[in-house]
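Visitor: I would like to learn how to read the features of a protein model, one at a time. Could you take me through this one?

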Amino acid sequence: MTGRRLFICAFLLAVSAVPCAGTVLAGAGHGHAHSRTEIAQTREAKIATQAVAGSVSILIGQGGFTGGNVAVLPGPDGLLIVDDKLSDFSEKLGKALDAFGKGRPKFVLNTHWHFDHTGGNQKLGDAIIVAHDHVRATMSKPAEMKSLGRVIPASPPEALPDVTYSKSLTLHFNGEEIQVTHLPSGHTGGDSIVYFKTTNVLHLGDLFFNGMFPFCDTEYGGNAFGMVHNIGEILKTFPADAKVIPGHGPLATMKDLKAYHDMLIATTAHVQAGIKAGQDLKALQAAGFPAQWKTWEWAFIDSKMWIGLIHASLNK
């Protein structure tokens with residue numbers, strides 16, 4: 001079964017009660033994304049807590065796909081989190097958050113609209129949910145994702161962001177200055193990056209898949225070339241010693257982000273050069289990338305799919 005079909009199967013399991021027995025979700029080529037696990041058993045996955053810097057921690061899935069990485073900021077004002085995983089893991093997320101002893105989150109920041117980052121919104125609906133304008137607009141109505149062959153229902157009112165913004169906003173909470181900034185045309189059309197300025201920690205959402213080819217949602221405003229630009233701007237803007245939380249994969253450094261940026265530059269340029277030489281999409285996918293980029297493949301995004309997403313971005 002192809003990587004794309006594997007991810008679709010995981011998606012079906014995440015949004016319904018239908019199991020996909022007997023299929024396997026492979027880990028990333030670099031060996032540090034989602035571990036090999038039976039997708040049918042993905043609900044048995046655990047959520048582990050890892051300290052990042054200062055009071056900021058990360059909640060990351062172990063033994064299966066739980067959704068995107070969650071940043072947690074506890075303190076005297078209560079809990080603030082960034083993203084909230086798949087809906088099936090809301091109970092386990094709640095237990096992981098209980099360990100901080102600060103009650104339910106007061107703020108939830110969504111980095112973008114995808115279900116593996118907003119799945120807990122409904123259960124955390126008493127919090128103030130903050131996101132870019134694009135996120136509320138997209139979640140307010142059914143979303144057809146042709147790449148997954150699914151129509152995602154509109155979110156219930158309690159799962160929608162309460163506070164939306166256009167360009168940037170700043171929160172002051174638990175002694176942190178938290179800068180939320182929109183970078184357009186990247187992973188989606190409504191990406192937010194979150195910078196805990198006091199602690200020097202960045203959460204980049206799915207603009208950054210650590211050690212992996214990224215998914216670029218060209219149906220909802222994403223663009224591979226926009227990702228190249230946005231990551232370049234992040235590298236120029238933030239301190240070289242910042243800790244970086246990716247949407248998927250392990251905690252990273254700016255050096256890891258630079259390696260990811262180098263991959264984005266090289267692979268997008270490779271596709272552009274092929275098109276200039278007269279190759280169509282089928283020929284580009286058949287030829288693939290130079291061997292040095294093979295290790296960036298993972299279950300959902302292999303070279304063929306990443307080439308397809310780059311090619312689709314050229315037409316946007």
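Guide: Let us start with a crossover, which is called right-handed if, with the strands pointing away from the viewer, the path from the first strand over the helix to the second runs clockwise. In this predicted model, E6, helix H2 (residues 90-98) and E7 make a right-handed β-α-β unit. The names follow DSSP runs, with helices (H or I, at least four residues) and strands (E, at least two) numbered from the N terminus.

Visitor: What conventions apply to the numbering and to the values?

Guide: Residues are numbered from 1 along each chain as its sequence is written, and side-chain values use heavy atoms, with hydrogens and water left out. Because the model is predicted, local features need pLDDT of at least 70 and side-chain atom pairs count only at pLDDT 80 or more, whereas totals for chains, interfaces and linings use all residues.

Visitor: How is E6 paired, and with which strands?

Guide: Strands of a sheet pair through backbone hydrogen bonds, either parallel or antiparallel. Here two strands count as paired if DSSP finds at least two bridges between them. Strand E5 (residues 70-75) and E6 are antiparallel over five bridges, with Leu-73 opposite Leu-80 in E6, and the two strands form a hairpin with two residues between them. On the other hand, E6 runs parallel to strand E7 (residues 107-109), to which three bridges join it, and in E7 the bridge partner of Leu-80 is Phe-107.

Visitor: Is strand E6 (residues 78-82) mostly covered or mostly open?

Guide: A residue is buried under 20% relative accessible area, exposed over 50%, and partly exposed in between (1.4 Å probe, protein chains only). By that criterion strand E6 is mostly covered, since five of its five residues are buried.

Visitor: Which residues of H2 are buried, and where do they lie around the axis?

Guide: The buried residues of H2 are Ser-90, Leu-93, Ala-96 and Leu-97. They cover an arc of only 120° around the axis, taken from the directions from the helix axis to the C-beta atoms, and this puts them on the same side of H2. The face turned away from that buried side carries the exposed residues Glu-91, Lys-95 and Asp-98. With contact meaning heavy atoms within 4.5 Å, the buried residues of H2 pack against strand E3 (46-53), strand E4 (56-62), E5 and E6.

Visitor: Which non-glycine residues with a positive phi deserve a look?

Guide: Asp-83 has a positive phi of about 70° although it is not a glycine; Asp-83 lies in the loop between E6 and H2 and is buried, with a relative accessible area of 0%. Asn-174, likewise not a glycine, has a positive phi of about 55°; Asn-174 is in the loop between E12 and strand E13 (176-183), and at 13% relative accessibility it counts as buried.

Visitor: What is the strand order in the open sheet of six strands, and which strands stand at its edges?

Guide: The order is E12-E13-E14-E15-E16-E17, with mixed pairing. Strand E12 (168-173) and strand E17 (252-253) stand at the edges, each with a single partner strand, so one side of each is left without a neighbour in the sheet. Strand E16 (residues 243-245) and E17 are antiparallel over two bridges, and Val-244 stands opposite Ala-252 in E17.

Visitor: What surrounds His-114?

Guide: His-114 is found in the loop between E7 and helix H3 (115-118) and is buried, with a relative accessible area of 4%. Not counting residues up to four places away in sequence, His-114 touches Met-145, His-187, Thr-188, Phe-215 and Asp-217.

Visitor: How should I read the confidence values?

Guide: pLDDT is the predictor's confidence in each residue, from 0 to 100. The mean pLDDT of the protein chain is 89, and 86% of its residues reach 70 or more. Over residues 1-41, however, the pLDDT is below 50, and beyond near neighbours in sequence this stretch has 87 contacts in the model.
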